[in-house]
Amino acid sequence: FLESTLYETGAVERTVQRLITTGHCYEQDGALWLRTTDFDDDKDRVMRKREGGYTYFLPDVAYHLNKWQRGFVRVINEQGADHHSTVTRVRAGLQALEQDIPKGWPEYVLHQMVTVMRQGVEVKLSKRAGSYVTLRDLIDEVGRDATRYFLVARAPNSQLIFDIDLALSQNNDNPVYYIQYAYARTCSVLRKLVAQGWEWQVEDAVQHLDQLREEHEKSLLRRL
């Protein structure tokens, strides 16, 4: 749902009142602070600014409280590495609510920014100018298989260059094309088995692994 509904339904204000009730808040310099240092943060954080209005991590706390109350025992947040500072704050806020939420909940996967290349030139992105490439844009252009492969081929915390031209190429330079080609060949072999009246069962194959004698076969088997 939209973040605005957290304000419209009073969820943010109820969260603030709960944090005040549990005794983890204090006022200083005209602002309302959350004593996040009680929960392993390096310093306390402002919840309500001096001029009014809440800081951005507070609706995150309200949202995750809602998530917990709806029965989500495991939650994994995927967000950019530039938002790493919110991890400790949100978790501290949830612990301060004293709602029996496990320490370390929710889980986070932080991704480095993805560099998108086209014809050897970086596609310039600017969130402020509204010029950015969405996941849907990539899927529409290169397909689901290529998008999935290139995004999971590297660890989330490592830099990724998404080369659109490579993802669209139909040769062995493109690992996705190579995998799809191998899959197509395998399907062809299985079709020919059926056409010749033969059957293939996994159990039978496992019993004859001793037939894999070549080193490249053994190497592939070890990797699998």
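Which residues does Thr15 touch, not counting residues up to four places away in sequence? Thr15 touches Leu58, Val61, Ala62, Leu65 and Leu97, where contact means heavy atoms within 4.5 Å. Before going on, please note that this is a predicted model, in which local features need pLDDT of at least 70 and side-chain atom pairs count only at pLDDT 80 or more, while totals for chains, interfaces and linings use all residues. Residues are numbered from 1 along each chain as its sequence is written, and side-chain values use heavy atoms, with hydrogens and water left out.

Let us stay with Thr15 for a moment. Its place is in helix H2; helices (H or I, at least four residues) and strands (E, at least two) are DSSP runs, numbered from the N terminus. Thr15 is buried, with a relative accessible area of 2%. Here buried means under 20% relative accessible area, exposed means over 50%, and partly exposed is in between (1.4 Å probe, protein chains only).

From here we can turn to the nonpolar cores. A nonpolar core is a set of buried Ala, Val, Leu, Ile, Met, Phe, Trp, Tyr and Cys residues joined through side-chain atoms within 4.5 Å. The largest one has 24 residues, and Leu19, Leu34, Met47, Leu58 and Leu94 have the most contacts inside it. At least two residues of this core come from each of helix H2 (11-21), strand S2 (31-34), helix H3 (57-69) and helix H4 (85-96). H3 gives the most, with five residues. If you look at Leu94 and leave aside its neighbours within four places in sequence, you will find it in contact with Val61, His64, Leu65, Ile101, Trp105 and Pro106. There is also a second, separate core of nine residues, which includes Ala146, Phe162, Ile164 and Val176.

Now for the strands. Strands of a sheet pair through backbone hydrogen bonds, either parallel or antiparallel. In this model, two strands pair if DSSP finds at least two bridges between them. Strand S1 (residues 25-28) and S2 pair in the antiparallel sense over four bridges, and Glu27 stands opposite Leu32 in S2. Two residues lie between the strands of this hairpin, where Asp29 takes a positive phi near 55 degrees. Asp29 is exposed, with a relative accessible area of 53%.

What is worth a second look about that phi value? Most residues other than glycine have a negative phi, and most peptide bonds are trans. Asp29 has its positive phi although it is not a glycine. Glu98 also has a positive phi of about 55 degrees without being a glycine; you can find Glu98 in the loop between H4 and S5, partly exposed with a relative accessible area of 45%. Pro106 is found in the loop between H4 and S5, and the peptide bond from Trp105 to Pro106 is cis, with omega near 0 degrees.

Gln79 stands opposite Leu110 in S5. Together, S4, H4 and S5 make a right-handed β-α-β unit; a crossover is right-handed if, with the strands pointing away from the viewer, the path from the first strand over the helix to the second runs clockwise. Within S4 sits Asn77, which is buried with a relative accessible area of 14%. The side chain of Asn77 makes a polar contact with the side chain of His64 (2.8 Å). A polar contact is a pair of N or O atoms within 3.5 Å; within protein, one must be able to donate a hydrogen and the other to accept it, and residues adjacent in sequence count only if both atoms are side-chain atoms.

Our last stop is an open sheet of three strands in the order S7-S6-S8, with mixed pairing. Strand S7 (121-122) and strand S8 (160-163) stand at the edges, each with a single partner strand, so one side of each is left without a neighbour in the sheet. Two bridges join strand S6 (residues 114-118) to S7 in the antiparallel sense, and Met117 has Glu122 in S7 as its bridge partner. H6 packs on the sheet and touches S6 and S8, its direction making about 160 degrees with that of S8. Such axes are lines fitted to C-alpha atoms, for helices over the stretch in contact, and angles run from 0 to 180 degrees between N-to-C directions. Helix H6 (residues 144-152) holds Ala146, which is buried with a relative accessible area of 3%.
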